[in-house]
Amino acid sequence: MTTINGEVAPGFEPVREAFAANFTQHGDIGAAVCVYWHGRPVVDLWGGVADADTGRPWDRDTLQLVYSATKGGTATAAHMLVERGMLDLDAPVAKYWPEFAANGKADIPVRWLLSHQAGLAALDEPLPLSQALAWDPMAAALAAQRPLWTPGTAHGYHGRTWGWLVGEVIRRVSGRSPGRFFAEEIARPLALDFFIGLPTSERGRVSRMVYRRPAVDLTTVPTEEVPEELREQVAAWRDPNSFSNRAFAVTDPAAIDFDSPEVQAAELPSSNGIGTAHALARMYAALIGEVDGVRLLARETLASATEEQASGEDQVLLFPSRFSTGYMLPTEGNLMTGPNAFGHTGRGGSLAFADPEHGIAFGYAMNHIISGSGDVRAASLTEAVRKSLE
C-alpha cells in the first residue's frame, strides 16, 4: 500500500481517497496533487516513488516534467506582456518578429499563434534536435515555414512548435527568453518551484518517468476491426505525412528523451516545464485571485485571455478541442471543474487549471506516462474536487 503524505482540509477528503485510488487502481507510481480554494491550499498530497529503478521516494519537493501543462505558464507570460501594453494580440506577429512575414505570413496576428490557428504545427524539414534545443535555428525555421493550412480558417494543436512560436514573440517583446521571463516575473514573486529550463543544481530532485503504451497498437489492427469512431485517427497515425504525425516530428530524431539533462536544461516553453503540482496550482490560483499579495493578471485581462478563440474538429488531434489564447478550455473529455475553467493538460496525464466560478486552482503531476484513452487519474481527481465542493 502506497503511503500518502501531505495535508487535506476538512471537506476535501474525497480528493485524498481518489489520489490513493490512483495508486491502487489506476497505475500511479509517483505523483502529487494540489488544490487551492479561494487563494489558500486545501489539498497538498504526494506519494509513491520518484525513481522506479532505485526506489527513491517522492518527496514534497520532488520535481516532475509535465509536458504540455507547461503551456499554461507560457501563455500567462504572454498575457502579462499584453496587460503591460507591450504586446497586442491583434497586431501582426511580424510587427515584433519581422522575419516571420516570410511565405505569406505577414498578416498573421499574435492571437492565432496562441490559439493554434496559424497553420504552423509542423516543419517541411525537421531540424536536428541539437539545433532545436539551441533555440535560434528553430525560430528561424518557423519564420521561414509556409502554413500548412490557410491561417485563421481552422485550428490544429501545435504541440511542439507552439513553444518556439509564442516564446519567440515573448523574447522579442520583453528582451528575455521565455524561461527567464517566467522565472523572474511569475516563479520568483510567487516562490514557485517550477522551471522552463532546469538549472543544473535542481537536477537531483527530478522524478524519472515510466512510459506505458496502450495494450493494443491500433495501427497494426485491420481497418475493419478498428472501432468506427477511431478510424480517422488511426488512418492518420499510419500516415507519416499526416498533420497528426508531423506535428510531433519537428526534430530529428522525432522522439525526444525528456529525461535527458540536455533536454531538461533547454527552454521548450510548450513541453518541458519541470516543477511541483503545488507550483502549478499556486500559479493558477494567482491568476484568478490574490495569493500572498500577488495576482498575475487583472480580472479584465484574464477574461480576455480565457475567451474562446477556436473550437471544433482539431486538424492535428482529429477530435474536438477548444482553446482560448493559450489555454485549453473544458471539453467532454476534460471537464475540469466547470464550464468556466481554463488550463492545460500534459502528455500522459498531468493537468493544471483554474476555475474562477468555484475559486479552484488545481495541479496534478505524475511520473507514469500513460498513453491512450484509458487514463482516468486526473479525471478522478477533478471529480473528487467537484464532490468536495458540493
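In what order do the three strands of the open sheet lie, and is their pairing parallel or antiparallel? In this predicted model, the order is 5-10-7 and the pairing is antiparallel. The edges of the sheet are formed by strand 5 (64-65) and strand 7 (194-195), each of which pairs on one side only. Strand 5 is joined to strand 10 (residues 274-275) by two bridges, and the two run antiparallel. Within this pair, Gln 64 stands opposite Gly 275 of strand 10.

Together strand 11 and strand 12 make a hairpin, with six residues between them. The turn of this hairpin contains Leu 318, whose phi is positive at about 60°, and this residue is not a glycine. Leu 318 is also buried, because its relative accessible area of 16% falls under the 20% cut-off.

Ser 244 touches Leu 318, and its other contacts beyond four places in sequence are Ala 236, Trp 237 and Val 316. Ser 244 and Leu 317 are separated by 73 residues in sequence, yet their C-alpha atoms are 6.1 Å apart in space. With a relative accessibility of 11%, Ser 244 counts as buried, since buried means under 20%.

Two further backbone features deserve a mention. Met 336 is found in the loop between strand 12 and strand 13 (342-345). Although Met 336 is not a glycine, its phi is positive, at about 55°. The relative accessibility of Met 336 is 1%, so this residue counts as buried. The other feature concerns the peptide bond from Asp 252 to Pro 253, which is cis with omega near 5°. Pro 253 belongs to the loop that runs between strand 9 (251-252) and helix 11 (261-265).

Helix 1 (residues 13-24) packs against helix 14 (residues 377-389) at an angle of about 165°, and their axes are 8 Å apart. Because angles over 145 degrees count as roughly antiparallel, helix 1 and helix 14 are described in that way. The crossing of helix 1 past helix 14 is right-handed. On the side of helix 1, the contact is made by Pro 14, Val 15, Ala 18, Phe 19 and Asn 22. These meet Arg 377, Ser 380, Leu 381, Ala 384, Val 385, Lys 387 and Ser 388 of helix 14. By class, the residues of this contact are seven nonpolar, three polar and two charged.

The axes of helix 6 (136-144) and helix 7 (residues 161-174) come within 10 Å and cross at roughly 100°. Helix 6 is therefore roughly perpendicular to helix 7, a term that covers angles of 65 to 115 degrees. From helix 6, the residues Asp 136, Met 138, Ala 139 and Leu 142 take part, and they meet Thr 161, Trp 164, Leu 165, Glu 168 and Arg 171 in helix 7. The contact of helix 6 with helix 7 divides into five nonpolar, one polar and three charged residues.

Beside this helix pair there is a tryptophan to consider. Trp 135 is found in the loop between helix 5 (129-133) and helix 6. At a relative accessibility of 9%, Trp 135 counts as buried. Leaving out residues up to four places away in sequence, Trp 135 touches Gly 163, Trp 164, Gly 167, Glu 168, Arg 171, Pro 178, Glu 267 and Pro 269. Among these, Trp 164, Glu 168 and Arg 171 also meet residues of helix 6. Glu 267 is 132 residues from Trp 135 in sequence, while the C-alpha atoms of the two are 7.8 Å apart.

Key
Residues are numbered from 1 along each chain as its sequence is written. This is a predicted model: local features need pLDDT of at least 70, side-chain atom pairs count only at pLDDT 80 or more; totals for chains, interfaces and linings use all residues. Side-chain values use heavy atoms; hydrogens and water are left out. Helices (H or I, at least four residues) and strands (E, at least two) are DSSP runs, numbered from the N terminus. Buried means under 20% relative accessible area, exposed over 50%, partly exposed in between (1.4 Å probe, protein chains only). Two strands pair if DSSP finds at least two bridges between them. Axes are lines fitted to C-alpha atoms, for helices over the stretch in contact, and angles run from 0 to 180 degrees between N-to-C directions. Angles under 35 degrees count as roughly parallel, over 145 as roughly antiparallel, 65 to 115 as roughly perpendicular and the rest as oblique. A crossing is left-handed if the near helix is turned anticlockwise from the far one by less than a right angle, and right-handed if clockwise. Contact means heavy atoms within 4.5 Å. Ala, Val, Leu, Ile, Met, Phe, Trp, Tyr, Cys and Pro count as nonpolar, Asp, Glu, Lys and Arg as charged, and the others, Gly among them, as polar.
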